Amino acid sequence: AIAEIFRMMETKETRVLFVPSKETFVFSGTSKAFNEEYCKANNIPIYPLYTGGGTIVSTEGDFSLVICYPESTAADVHFILEKLKEIFGATMPNVTISGNDILLDGMKICGSVMYQQNGMKCFAAHFSFKDNSELIAQICGVSGSVKTPTTIDGLTVDMFKKAVSEWLRIR
């Protein structure tokens with residue numbers, strides 16, 4: 001998905017991608033060290049995010065969303081996160097935004113990043129629909145994350161995709 005984001009910005013393609021996780025992998029930012037040796041020893045692919053963010057651990061059943069659009073559009077990260085918060089808030093109480101993350105009861109269910117290049121913006125977010133806490137502890141350390149991760153309950157991937165599609169008015 002990361003290579004596709006940069007391709008879409010290069011070709012100035014306005015597009016929405018729904019990307020289901022089909023394997024265990026790691027998205028790596030540059031601001032926090034992670035157990036790269038564990039990943040290599042367990043054949044867990046590592047995909048660089050090319051950002052200063054932290055590490056995201058994904059397994060089958062998790063999900064990513066990419067929205068690529070012209071820079072002239074007024075929507076920024078906060079605007080998109082607010083819309084996503086509304087989608088989650090319709091079925092789950094206590095949904096908040098903290099920086100570029102969405103939290104449920106104070107625990108992280110979504111990490112996001114915004115890329116900007118060639119007159120385009122690409123928002124990308126990863127959502128945890130499964131409990132990966134043990135694997136996160138192995139890869140990210142005992143503390144796991146600056147924000148404690150949790151899973152999305154009360155909303156399936158299909159329900160989420162439908163709600164996002166309705167918001168963006170896509171089929």
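**Close-up views of a predicted model**

View 1. The link of cysteine 68 and cysteine 122 is left-handed, with -100° about the S-S bond. Because cysteine 68 lies in strand S5 and cysteine 122 in strand S9, the pair ties together parts that are 54 residues apart in sequence.

**View 2. Cysteine 39 and cysteine 140.** The closest cysteine sulfur to that of cysteine 39 belongs to cysteine 140 and is 8.2 Å away, which is too far for a bond. Cysteine 39 is buried, at 0% relative accessibility, and cysteine 140, with a relative accessible area of 13%, is buried as well.

View 3. Six strands form an open sheet with antiparallel pairing, in the order S1-S5-S9-S8-S7-S6. Strand S1 (15–20) and strand S6 (95–98) stand at the edges with a single partner strand each, so that one side of each is left without a neighbour in the sheet. On average, neighbouring strands of this sheet are turned by 15° against each other, direction ignored.

**View 4. The pairing of S7 with S8.** Strand S7 (residues 101–104) and strand S8 (residues 107–117) run antiparallel and are joined by 4 bridges; aspartate 101 stands opposite glycine 111 in S8.

**View 5. Helices lying across the strands.** Helix H3 (residues 77–89) lies across S5, S6, S7, S8 and S9, and runs at about 160° to S6. Helix H5 (residues 157–168) lies across S1, S5 and S9, and runs at about 10° to S5.

Terms used:
Residues are numbered from 1 along each chain as its sequence is written. This is a predicted model: local features need pLDDT of at least 70, side-chain atom pairs count only at pLDDT 80 or more; totals for chains, interfaces and linings use all residues. Side-chain values use heavy atoms; hydrogens and water are left out. Two strands pair if DSSP finds at least two bridges between them. Helices (H or I, at least four residues) and strands (E, at least two) are DSSP runs, numbered from the N terminus. Axes are lines fitted to C-alpha atoms, for helices over the stretch in contact, and angles run from 0 to 180 degrees between N-to-C directions. Contact means heavy atoms within 4.5 Å. A disulfide is a pair of cysteine sulfur atoms within 2.5 Å. Buried means under 20% relative accessible area, exposed over 50%, partly exposed in between (1.4 Å probe, protein chains only).
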